[in-house]
Amino acid sequence: MSSGAVKPSKPIKLYVSGTPNGQMASILLEELKAVYPGFDYEVIPIDFSKNEQKEEWFLKINPNGRIPAIVDPNRNDFPVFETAAILQYLVIHYDPEGHFHFRSQPDKESEVMQWMFFAHGGIGPMQGQANHFYRYAPEKIKYGIDRYQNETKRLYGVLDRRLQGREFLVGDGKGKYSIADSKAFPWVLLSPWAGVFAKDKPKSVQEWQDRIFARPAVQKGLQVRR
C-alpha cells in the first residue's frame with residue numbers, strides 16, 4: 001500500500017442529499033467500490049425539509065452545515081467536509097493503486113488539483129448562483145440571471161478548450177478519469193436546470209459528459225439519495 005493507504009474494515013459513512021455536490025462524493029465512492037473488493041460505504045440521508053443539516057449533531061461533522069460530509073470509521077471516525085476535500089481524502093487513503101489520481105506524477109497531480117478547484121471555485125458557485133436567480137429567487141432579476149448564466153457559459157468555454165482532443169481532464173494522450181472529472185461532472189450534467197446549455201453544450205464538453213455518464217459506477221452514484 002502507498003503512504004496513507006488504509007485497509008477498510010468498515011463502511012465510510014456518507015451524509016448526503018441528492019444534489020450535484022452530494023453526487024460528486026457518491027460517484028467516487030461507487031468508483032472505489034467497483035475496483036477495491038472490501039471497500040464500501042453507508043448512505044445516511046440528510047433531510048433538508050427538516051433542516052437536519054443545521055442540527056448540532058451534524059454541525060460537529062460539518063461546521064458549515066452543508067452536504068456532503070463523510071465520517072471514516074477506519075480512522076477513528078475522522079470527519080471530512082467540502083467535496084474537493086472529500087474526494088482528495090478518499091483517494092489518499094483508499095486508492096493505493098492510483099486509479100483516480102496521479103500522486104506518483106507531481107505535475108499531473110497538480111493539474112488534477114487545478115481542475116478540481118476550477119470546478120470547486122468557478123463552475124460550482126457561478127452555476128449555483130445562476131440556478132438560484134433562474135429558479136428560486138422570489139422575483140426575476142434579469143441582471144442576476146444574465147450575469148451568472150453568462151459567466152457559467154464562459155467557464156464552460158474554458159472547460160471545452162481543455163477537453164478538445166482529450167477524453168478526460170488530466171493525463172497524457174487521451175488522459176485518465178480522475179477526481180477532477182468526478183468534481184466537475186455533476187454540475188455539467190445538471191446545467192440545463194440553471195437555464196444554461198439546455199440543448200447546445202460545447203461539443204467537447206458534451207462528449208466528455210456522455211463518456212462519464214456511461215460509466216456504471218457513475219450511474220450508481222447518481223442514484224444515491226435522488
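Two strands count as paired if DSSP finds at least two bridges between them. Keep that in mind as you start the tour: this is a predicted model, in which local features need pLDDT of at least 70, side-chain atom pairs count only at pLDDT 80 or more, and totals for chains, interfaces and linings use all residues. Residues are numbered from 1 along each chain as its sequence is written, and side-chain values use heavy atoms, with hydrogens and water left out.

**Whole chain.** Select everything and switch to cartoon. You will find eight helices and four strands; helices (H or I, at least four residues) and strands (E, at least two) are DSSP runs, numbered from the N terminus. Trace the elements from that end and they read β-α-β-α-β-β-α-α-α-α-α-α.

**The hairpin.** Next, select residues 69–72, which are strand 3, and residues 78–81, which are strand 4; these two pair in the antiparallel sense over four bridges. Then move to the five residues between the strands, where asparagine 76 takes a positive phi near 60°.

**Zoom out.** Now colour by burial: 51% of the 226 residues count as buried, that is, under 20% relative accessible area with a 1.4 Å probe, protein chains only (exposed is over 50%, partly exposed in between). Finally, draw contacts (heavy atoms within 4.5 Å). Among those with a separation of 6 or more, 67% come from residues 24 or more positions apart.
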